[in-house]
Amino acid sequence: MIIGAGAIGAIGGTVGGVLARAGIPSVLVARGRHAEVLAAEGITLRTPDGTFSTAVTAASRPDGVRLTGRDVLVFATKTQQLDAALQEWVDQPVHDSDGVVGTAGEHLPAMTALNGVAAEEKALRYFRRVFGICVWLPAVHLEPGEVVVRAWPVVGQFHIARWPAALRTQEDADLLAGLAETWTAAGVRVRLPDDVAPWKYNKLLSNLGNAVGALTVDAAGEVVAALRREGEDVLRYAGIEFISFEVSTAARADGPTIRPVPGSDTGPSNSTWQSLSRQTGNVETDFLNGEIVRLAHRHGIEAPLNTALARAARATVLSGQGPGRYSAQQLAQLVGVEAAL
């Protein structure tokens with residue numbers, strides 16, 4: 001069950017599409033026009049090696065599906081939309097051959113395929129078994145029923161583990177081993193670390209540049225580097241372990257390789273750029289750069305660069321402007337990177 005099949009970076013749509021192409025039973029849950037197109041026409045994956053259309057099973061609400069004990073709920077919304085999705089699914093009935101055996105929150109594993117590190121703790125408020133996913137998947141969803149997938153045939157790489165890691169059981173290990181086998185064969189390479197949290201914090205540091213790529217079309221490498229340095233300093237001060245970029249880069253060697261998609265010029269494949277392009281009225285920045293700010297405040301220190309960037313992203317949303325609002329120099333001055341450098 002892929003919940004949020006058109007949201008964050010098209011993660012849900014891409015995963016659901018490749019699973020369907022591989023003949024692996026899955027349901028794509030989406031909203032509005034996107035759900036209508038999925039149900040009527042299937043999903044279209046535009047890739048570097050061609051365009052592929054695949055019939056999928058689609059639903060727009062929980063009451064449109066019948067959950068059983070064999071189901072896995074994969075949440076792929078944006079973080080700011082996750083609470084509503086969790087609340088919508090947690091009390092849905094789970095069936096066996098004799099009838100209802102309990103609720104989804106009691107019986108089904110919930111997997112969080114989202115950026116940042118807030119989703120897993122949110123999910124634990126509702127679901128007994130939560131699995132964090134560190135996602136590397138370059139794709140863009142802008143049109144109903146269509147995803148631009150920038151790598152093929154390996155579309156992504158996921159690191160998945162029980163959250164928190166200390167709760168892992170043999171049942172969890174068996175579930176993940178089966179999932180890794182089927183998803184990897186379908187094109188989503190799955191790795192099973194003992195603990196996914198250090199990988200998620202590595203990805204958090206990587207995502208600190210998302211808003212930079214959304215707010216300026218210019219190269220702004222110095223701004224991104226400064227944001228990440230500040231993020232690393234905060235994580236170390238807080239005593240939080242994270243995978244180094246050297247290790248994560250090496251781990252991506254057998255993951256997705258980004259290549260041009262013929263006829264596609266969609267801009268950066270990050271969720272912040274997509275939110276501004278689609279005028280969704282919100283962005284994920286407060287759970288990315290804002291997470292660094294939260295940790296800094298929690299430990300009595302400051303994170304001024306990430307604070308300023310998050311403020312700029314919020315102002316852009318409120319103004320209704322799209323991506324590319326600033327030049328690289330303007331953004332550097334706004335964030336305060338020049339002074340910091």
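Guide: Helices and strands here are DSSP runs, numbered from the N terminus. The model is a predicted one.

Visitor: Fine. Where is arginine 162?

Guide: Arginine 162 sits in strand E14, which covers residues 156–163.

Visitor: Buried or exposed?

Guide: Arginine 162 is buried, because its relative accessibility is 7% and the cut-off for buried is under 20%.

Visitor: What does the side chain of arginine 162 make a polar contact with?

Guide: The side chain of aspartate 172, at 2.6 Å. A polar atom of the arginine 162 side chain also lies 3.3 Å from the backbone oxygen of leucine 167.

Visitor: And which residues is arginine 162 in contact with, leaving aside neighbours within four places in sequence?

Guide: Arg128, Arg129, Val130, Phe131, Leu167, Arg168, Thr169 and Asp172.

Visitor: Back to aspartate 172. What do its side chain and that of arginine 162 meet in?

Guide: A salt bridge, with 2.6 Å from N to O. Aspartate 172 lies in helix H6 (residues 170–186) and arginine 162 in strand E14, so the pair ties together parts that are 10 residues apart in sequence. Both residues of the pair are buried.

Visitor: Which residues are linked with them in a network of salt bridges?

Guide: The network links Arg129, Arg162, Glu171 and Asp172.

Visitor: How many salt bridges does a search of the whole structure find?

Guide: 16. One of them joins arginine 191 and aspartate 254, with the closest N and O atoms 2.2 Å apart. That pair links distant parts of the chain, 63 residues apart: arginine 191 is in strand E15 (residues 188–191), and aspartate 254 is in the loop between helix H10 (245–251) and H11.

Visitor: How accessible are arginine 191 and aspartate 254?

Guide: Arginine 191 is partly exposed, at 28% relative accessible area. Aspartate 254 is partly exposed too, at 29%.

Visitor: What about arginine 236 and glutamate 232?

Guide: Their side chains meet in a salt bridge, 3.2 Å from N to O. The two are 4 residues apart in helix H9, so about one helical turn separates them. Glutamate 232 is buried, with a relative accessible area of 18%.

Visitor: Change of topic. Why is helix H11 described as largely enclosed by the rest of the structure?

Guide: Because 6 of its 8 residues (271–278) are buried. These are Ser271, Thr272, Trp273, Gln274, Ser275 and Leu276.

Visitor: What covers the buried residues of H11?

Guide: The cover includes strand E12 (139–140), helix H8 (210–215) and helix H13 (304–319).

Visitor: Now the largest nonpolar core. Which members touch the most other members?

Guide: Of its 40 residues, Tyr201, Val212, Leu227, Leu235, Leu309 and Val335 do. The elements giving two or more residues to this core are helix H7 (197–207), H8, helix H9 (221–238), H11, helix H12 (289–298), H13 and helix H14 (328–335). H9 gives the most, with 7 residues.

Visitor: Last one: where is alanine 55 found?

Guide: Alanine 55 is in the loop between strand E4 (50–54) and strand E5 (57–59). At 66% relative accessibility, alanine 55 counts as exposed. Not counting residues up to four places away in sequence, alanine 55 touches Ala20 and Gly42.

Note on methods:
Residues are numbered from 1 along each chain as its sequence is written. This is a predicted model: local features need pLDDT of at least 70, side-chain atom pairs count only at pLDDT 80 or more; totals for chains, interfaces and linings use all residues. Side-chain values use heavy atoms; hydrogens and water are left out. Buried means under 20% relative accessible area, exposed over 50%, partly exposed in between (1.4 Å probe, protein chains only). A polar contact is a pair of N or O atoms within 3.5 Å; within protein, one must be able to donate a hydrogen and the other to accept it, and residues adjacent in sequence count only if both atoms are side-chain atoms. Contact means heavy atoms within 4.5 Å. A nonpolar core is a set of buried Ala, Val, Leu, Ile, Met, Phe, Trp, Tyr and Cys residues joined through side-chain atoms within 4.5 Å. A salt bridge is a side-chain nitrogen of Lys or Arg within 4 Å of a carboxyl oxygen of Asp or Glu.
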